[in-house]
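This report describes a single protein chain, taking its surface, its helices and a few selected residues in turn.

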Amino acid sequence: MGRNAVLHPDPAWRTRLTAAVVFILLLYPLLVAAEFKPWLLFDAQSLRAAGGFLRDFLTPETDPEFLAMVLRETWQTVAIATAGLTLALIVAIPATFVISERLSISRLGTGRIRPMAGIVRQILRWILMVLRSVPELVWALLFVRIVGLGPTAGVLAIALSYSGMLAKVYAEILESSDAHATDVLLANGSGRLPALLYGALPDSSAELVSYTVYRWECAIRGSAVMGFVGAGGLGQRLDESTKMMAGGEVATMLIMFVLLVAGADLVSKLLRRRIG
C-alpha cells in the first residue's frame, strides 16, 4: 500500500491530465478565432511605443487649459448620464405599472389575469427585453450614425437601454414586496397609482432608490465608454488622447474617472442612509 502511494501520489492524475488536454484542445481553436497573438507585445516597435506612453503616463498633464477642458467634459459626462437616466425613468415607471402583476386589477377576485391584459403585458415585456438586450454602446453607435457625433447619441442610448433594465427590476422589486396593503387598496376600489404610492412603495422605496442610484453610477461609466464611439463626454477626449499616445493626458482623465465614480458612490451611500 505504501509503495502504491509512492508510485501514484495522485490517484486522479489520469482524469486531471485528460481534462487538461481536452481543455487545451478546446481552447486552441477559440484563441485562433480570436486572433490572440500575445507575442506582439514583445515586438521592438511595440515595446518602444509602450515605454514612451508609460513614461508620459507617470506624469499626469496639469496644464490649466487642459484641466479646464477635462472639467467641462466631466460635467458633460454627468449630464449625459443624468439626462439619459431621466428619460429612461419616464419610460420605465409607466411600463412598470403595466408589466407588474401585483398592480393588476383584472386578477382581483379570480386570481387570474384577463387574456387581453396578459397579452398586452407580455408584448411590453418583450419590447423591454429587446431594449435592455442591446448594449448601450451598440445603441450609441446606431444613434451616432443617425444624429451625428455628440452627447445626444449618448443620452438616447442610455435612455433606451436603461428603460428596459429599470422597468424589469422595478417590477421584480414590487412583486417581492408585501402584497397585503396593495391588494386591500385595489380591492376597495383604489386606482393603481394610489395602490403603488401607499401600498407597495413604503415597503420597497429603499431598494428602488438604491437600484436607481446604482444605475446612475453605471450610466456615468457607460457614458464615458460611449465617448469612444463619438457620443461626447470625457470618453471622447480620452479616445483622442489615447490615439495620440499622450500618456499624461490619459493619466489625468483616468484620475478624473476614478474621482467621478467615487463621487457617485458617495452620493449613493448618502441617499441610502437618508432613506434607511
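## Surface and burial

The protein chain exposes about 16,700 Å², of which carbon and sulfur atoms supply 69%; accessible areas here come from the Shrake-Rupley method with a 1.4 Å probe, and for residues only the protein chains shown count as cover. This is a predicted model, in which local features need pLDDT of at least 70 and side-chain atom pairs count only at pLDDT 80 or more, while totals for chains, interfaces and linings use all residues. Residues are numbered from 1 along each chain as its sequence is written, and side-chain values use heavy atoms, with hydrogens and water left out.

Of the 276 residues in the protein chain, 36% count as buried, a class defined by a relative accessible area under 20%, with exposed meaning over 50% and partly exposed in between (1.4 Å probe, protein chains only).

## Fold and contacts

The protein chain has 11 helices and zero strands, where helices (H or I, at least four residues) and strands (E, at least two) are DSSP runs numbered from the N terminus. Among contacts (heavy atoms within 4.5 Å) with a separation of 6 or more in the protein chain, 75% join residues 24 or more positions apart.

One example of such a separation involves F53, in helix α3 (residues 44-57), whose C-alpha atom is 9.7 Å from that of M244, 191 residues away along the chain. F53 is buried, with a relative accessible area of 18%, and, leaving aside its neighbours within four places in sequence, is in contact with M245, A246, G247 and V250.

F23 belongs to helix α2 (residues 13-33) and is exposed, at a relative accessible area of 52%. Together with I24, L27, L30, L31 and F36, F23 forms a nonpolar surface patch with about 590 Å² of accessible area; patches are made of residues with over 30% relative accessible area and no salt bridge, nonpolar side chains (Val, Leu, Ile, Met, Phe, Trp, Tyr) being joined within 5 Å and like charges within 9 Å. A salt bridge is a side-chain nitrogen of Lys or Arg within 4 Å of a carboxyl oxygen of Asp or Glu.

Just after α2, E35 takes a positive phi of about 55°.
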